[in-house]
Amino acid sequence: MAYIINESCINCGACGGSCPVDAIFQGDSQYEINPDTCIDCGACADTCPVAAIVAS
Ligand code: SF4
Ligand code: SF4
C-alpha cells in the first residue's frame, strides 16, 4: 500500500518538498509517488490544492 497521485494533478509542485522520504518525483506528465519508498505517512496529501494525492 502507498499513496498515489491521480490524474487530477496539475503539476504545481506543491507536494514535492513535503515527503520525509523523498518518494515524490516529477514524472513524464504529472507528479508521481514511488510506492517502494512511500511510508504512507499522509503528509503530502494535505499539500495538494486539487486533492490529487490519495491513499490506495
Ligand atoms: Fe511521502 Fe508520506 Fe506522501 Fe508517502 S504519504 S509520498 S511517505 S509524504
Ligand atoms: Fe500534483 Fe497535487 Fe503535487 Fe501539485 S500538489 S504537483 S497538483 S499532486
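Author: Gln-30 sits in the loop between strand 2 and strand 3; strands (E, at least two residues) and helices (H or I, at least four) are DSSP runs, numbered from the N terminus. The model is predicted, so local features need pLDDT of at least 70 and side-chain atom pairs count only at pLDDT 80 or more, while totals for chains, interfaces and linings use all residues. Residues are numbered from 1 along each chain as its sequence is written, chains are lettered from A and ligands numbered from 1 in the order in which they are written, and side-chain values use heavy atoms, with hydrogens and water left out.

Is Gln-30 buried or exposed? Gln-30 has a relative accessible area of 14% and is therefore buried; buried means under 20%, exposed over 50%, and partly exposed in between, with a 1.4 Å probe and protein chains only. A polar atom of the Gln-30 side chain lies 3.1 Å from the backbone oxygen of Ile-5. Contact here means heavy atoms within 4.5 Å. Setting aside neighbours within four places in sequence, Gln-30 is in contact with Ile-5, Asn-6, Glu-7, Cys-9, Asn-11 and Phe-25.

Three of these partners lead further into the structure.

Ile-5 is one of the residues that touch the most other members of the largest nonpolar core, along with Ile-24, Tyr-31, Ile-33, Cys-38 and Ile-53. That core has 15 residues; a nonpolar core is a set of buried Ala, Val, Leu, Ile, Met, Phe, Trp, Tyr and Cys residues joined through side-chain atoms within 4.5 Å.

Asn-11 lies in the loop between strand 1 and strand 2 (24–26). Asn-11 has a positive phi of about 60° although it is not a glycine. Its relative accessibility is 31%, so Asn-11 counts as partly exposed.

Cys-9 belongs to the group that comes nearest to ligand 2, together with Cys-12, Gly-13, Cys-15 and Cys-48. Ala, Val, Leu, Ile, Met, Phe, Trp, Tyr, Cys and Pro count as nonpolar, Asp, Glu, Lys and Arg as charged, and the others, Gly among them, as polar.

Ligand 1 is likewise surrounded by 13 residues, the closest being Cys-19, Cys-38, Cys-41, Gly-42 and Cys-44. Here the division is 11 nonpolar, one polar and one charged. Cys-44 counts as buried because its relative accessibility is 7%, and Cys-38 counts as buried because its value is 17%. Not counting residues up to four places away in sequence, Cys-38 touches Ala-2, Tyr-3, Val-21, Ala-23 and Ile-33.

Of those, Val-21 is in the loop between strand 1 and strand 2. With a relative accessible area of 30%, Val-21 is partly exposed. The C-alpha atoms of Val-21 and Thr-37 are separated by 6.8 Å, although these residues are 16 apart along the chain.

As for the cysteines, how many disulfides does the rule give? The count comes to zero disulfides, a disulfide being a pair of cysteine sulfur atoms within 2.5 Å.

Methods. Near = heavy atom within 4 Å. Polar contact = N/O pair within 3.5 Å; in protein donor to acceptor, adjacent residues only side chain to side chain.
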